[in-house]
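These are my notes from going through one chain, element by element. I began with a strand and wanted to know which way its side chains point.

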Amino acid sequence: MTKLSREIALYGTEEVVTPPQVLTAGDLTVELEAGNLRYIRWQGEEVLRAISFIVRDKDWGTYSPEITEMAIDIRDDSFEVTLKAIAKDSEQSFSYDARVEGSSTGKLTFHSTGRTEGNFFTNRTGFVILHPINGLIGAPVTIEHTNGNIKESTFPAIIDPVQPMMDLRALTHHTPSGILVRTLMEGDIYEMEDQRNWTDSSYKTYVRPLSLPWPYKIEAGDKIDQKITVEISGSANKSANYGTVPLSVGDALGSVPPIGLGLRPEDTATTMTAADTLRALNPSYLILHHDPRSGHDQATLSAMLKASQAINTESWLELVVVSTDNTQAEEEILAIGKMAAVLGSPFETVLVSPASDMKCTLPGSVWPETPDAADLYRIARKTFPKAKIGGGMFSYFTELNRKRPPTDMLDLVSFTTSPVVHAGDDRSVMETHEAHFSIINSVTEISSGVPWVLGPSAIGMRDNPYGSSTKYNSENIRQAMNWNDPRQRGLMGAAWTLGYIADFAIGGAAAVSIGGCTGPFGVVFSPAAYPQPWFDDYGGLYPVFHVLRGFAQLKNCTMLTLEVPPPAIISGIAARSADGSTTYWITNTKPEPVTVEITEPGLVKVAILCAANFIEATKSVDFMDRLVPHSSMIKLDSFAIARIEMKV
């Protein structure tokens with residue numbers, strides 16, 4: 001029997017994560033993590049989010065390099081790091097040397113050279129620089145091109161679907177407090193993409209233009225030689241405050257939207273087993289996934305529908321259309337319509353997407369053949385006349401932004417997200433909240449007044465638009481492109497989900513659905529081939545169950561602005577019921593404890609889910625209904641969830 005550790009309660013895994021080493025040279029600080037640099041700060045203010053030398057495979061998967069040698073030399077006014085590393089799998093390997101030098105003068109360099117003994121196939125090998133989005137959205141930037149020409153521009157405000165800056169040699173910008181930062185990139189041609197497309201909280205400048213063929217081959221004996229130089233000057237005037245966080249509510253925003261869950265045929269049996277528990281969660285709808293390429297047929301559709309009916313919820317159909325020809329696509333949709341008619345025409349909403357749109361088409365590439373979108377939606381409306389018709393993308397916002405649907409043909413615009421497309425570490429996952437409101441602004445523009453819906457989304461990736469598959473996580477670790485991510489079972493997964501729903505609900509989503517009922521994106525344990533420490537022995541509810549149940553209870557209540565001072569340690573939502581009471585659902589987004597103060601006067605009752613009561617919460621569907629009187633000062637442990645009720 002596995003003993004519950006704090007790590008399993010928080011993260012769903014006992015994987016050991018080596019903390020970053022902070023390197024300091026005067027006012028310059030950087031975090032050294034796995035041989036790369038994060039959180040480059042000057043006088044405490046972030047000037048760059050990261051500088052990384054990365055090696056990717058032909059499916060855009062990022063290797064975790066093995067560092068074979070490392071030396072760190074720290075002096076009074078400078079530091080130096082040298083390392084040797086190898087990125088490899090069973091088929092190929094790439095070795096590289098790197099040197100990092102930092103000075104109190106504000107100069108930072110990262111130089112890397114690499115080679116392969118055999119041919120190495122990759123989609124990207126080289127430097128990636130991340131500019132943070134906080135304070136830089138729409139801000140000025142000076143661009144220096146490879147021919148020496150200089151251009152004044154701005155960081156994108158609305159999310160750019162392709163590359164806002166190309167043919168780059170250097171970028172110069174000011175931080176929000178006025179620090180001047182120049183980033184010089186040598187050794188190849190660089191360009192920028194807007195990583196907010198994937199909910200990353202950064203603008204990413206990367207090596208090798210996407211217009212060039214990929215994957216590409218690094219020949220045996222070829223040398224990769226690249227260097228990044230950052231020059232920083234000026235003074236910061238801001239500092240983080242991690243003391244008590246005051247919380248207050250403001251203006252009304254509209255109603256809390258309905259909350260749904262996804263369902264795929266492979267999870268139908270375990271969902272049926274958990275139907276009583278899921279009925280207590282009270283989701284507004286299930287999205288039933290139907291893809292003929294996976295052998296889905298009337299039997300699988302019928303089984304999912306029975307599960308939905310057992311949970312007593314609406315049924316939405318997520319329909320993948322395989323045919324690329326308009327006539328064949330119509331025949332395919334009509335055949336699904338006949339299946340639905342036999343089952344009693346049960347679908348309140350039908351979401352439609354061509355299968356070919358479920359794979360990414362990178363900028364500069366030729367779009368694959370698909371049925372005409374307007375015709376597809378017209379056929380769906382004719383086939384399902386009583387249902388709302390939704391379109392967009394079953395993959396990510398990125399693909400929606402790059403291929404926008406004819407919204408005048410739709411009742412709903414839909415898309416999903418995942419926070420582990422590019423990075424799998426805890427901080428990167430939680431930082432995706434910074435990009436949510438950029439997504440909201442952009443999708444509001446794309447939808448042109450048509451309601452938009454989100455999901456099914458979870459930390460893990462249900463599909464990989466960028467390669468052959470997601471990563472089956474047999475080792476139960478944190479990594480990019482995880483299919484089964486361990487944090488789905490932990491408090492961190494619940495905290496991320498609470499913030500996710502809150503952000504998009506406040507931003508105007510007509511509905512939000514989360515990954516699944518059971519399985520890798522689920523809210524209730526079910527047996528699986530992959531490891532689920534502690535739950536494999538005891539089963540029960542994941543913490544995220546209580547978050548979704550809490551939002552379901554708030555359906556149609558009036559949302560209120562939740563006033564939280566920066567930095568955004570606390571995430572959540574406030575809502576007012578018809579009786580005038582106010583409910584807060586909030587979470588600590590950090591591993592460090594924090595204290596919040598409710599500034600609204602009145603009687604306070606609180607229920608808290610944290611590592612200390614994790615086991616009890618896995619056994620009780622009504623755990624967060626057990627409110628007790630509390631002072632207005634509330635201490636939240638790592639990723640703790642709080643339900644707060646205020647009676648004036």
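This is a predicted model: local features need pLDDT of at least 70, side-chain atom pairs count only at pLDDT 80 or more; totals for chains, interfaces and linings use all residues.

**Entry 1: strand β20**

Next I checked which strands pair with β20. Strand β27 (residues 511–514) runs parallel to β20 and is joined to it by three bridges. Strand β21 (residues 285–290) also pairs with β20 in the parallel sense, over four bridges. I used L261 as the reference point: its bridge partner in β27 is I514, and its bridge partner in β21 is L286.

**Entry 2: S284**

I then went to the loop between α3 (275–281) and β21, where S284 has its place. Is S284 buried or exposed? Its relative accessible area is 16%, so S284 counts as buried, the limit being under 20%. Leaving out residues up to four places away in sequence, S284 touches P258, I259, T313, E314 and K555.

I looked up the second largest pocket and noted a volume of about 600 Å³. It is lined by 34 residues, of which R264, H289, M358, R462 and D463 are the closest to its centre. The elements that give two or more residues to this lining are β20, β21 and β24 (388–396). Which element gives the most to the lining? It is β24, with three residues. By class, the lining of this pocket has 11 nonpolar, 14 polar and nine charged residues.

**Entry 3: cavities**

How many cavities of 30 Å³ or more are there? I noted three.

The largest cavity holds about 70 Å³ of space. Its lining consists of Y396, T416, T417, S418, P456, S457, A458, G460, M461, R462, G515 and F521. I sorted these residues into five nonpolar, six polar and one charged. R462 lines this cavity, and R462 is also listed among the residues closest to the centre of the second largest pocket.

The second largest cavity holds about 40 Å³. D485, Q488, R489, G519, P520, Y530, Q532 and Y542 line it. By class I have three nonpolar, three polar and two charged residues for this lining.

**Entry 4: helix α9**

At 1.5 Å a residue, its 15 residues should span 21 Å, and the end C-alpha atoms are 21 Å apart, which agrees. Which residues of α9 are buried? I listed H433, A435, H436, S438, I439, I440, S442, V443, I446 and S447. These buried residues pack against α7 (397–402), β25 (412–416), α8 (426–431), β26 (452–457) and α10 (491–506). S448 follows α9 and has a positive phi, near 50°.

**Entry 5: M559**

I found M559 in strand β28 (residues 558–563). Its relative accessibility is 2%, so M559 counts as buried. What is M559 in contact with, leaving aside its neighbours within four places in sequence? The contacts are D251, A252, L253, G254, S255, V256, P257, A505, I506, I573, A574 and A575. I looked at S255 separately: it is 304 residues from M559 along the chain, and their C-alpha atoms are separated by 5.6 Å.

I ended with β3 (residues 36–42), where six of the seven residues are buried.

Strand β2 (residues 28–33) pairs with β3 in the antiparallel sense over five bridges. L28 stands opposite W42 in β3. The hairpin of β2 and β3 has two residues between the strands, and A34 takes a positive phi near 55° there.

Strand β4 (residues 45–55) is joined to β3 by five bridges and runs antiparallel to it. R38 has A50 as its bridge partner in β4. β3 and β4 form a hairpin, again with two residues between the strands, and Q43 in the turn has a positive phi of about 55°.

Technical notes. Residues are numbered from 1 along each chain as its sequence is written. Side-chain values use heavy atoms; hydrogens and water are left out. The expected span of a helix is 1.5 Å times one less than its number of residues. Buried means under 20% relative accessible area, exposed over 50%, partly exposed in between (1.4 Å probe, protein chains only). Contact means heavy atoms within 4.5 Å. On a 1 Å grid over the protein atoms alone, a cavity is a set of points where a 1.4 Å probe fits but cannot get out, and a pocket is an open set with protein on both sides within 12 Å along at least five of seven lines; lining residues have an atom within 4 Å of a point. Grid points are joined across faces, edges and corners, and a volume is the space filled by probe spheres set on the points. Ala, Val, Leu, Ile, Met, Phe, Trp, Tyr, Cys and Pro count as nonpolar, Asp, Glu, Lys and Arg as charged, and the others, Gly among them, as polar. Two strands pair if DSSP finds at least two bridges between them.
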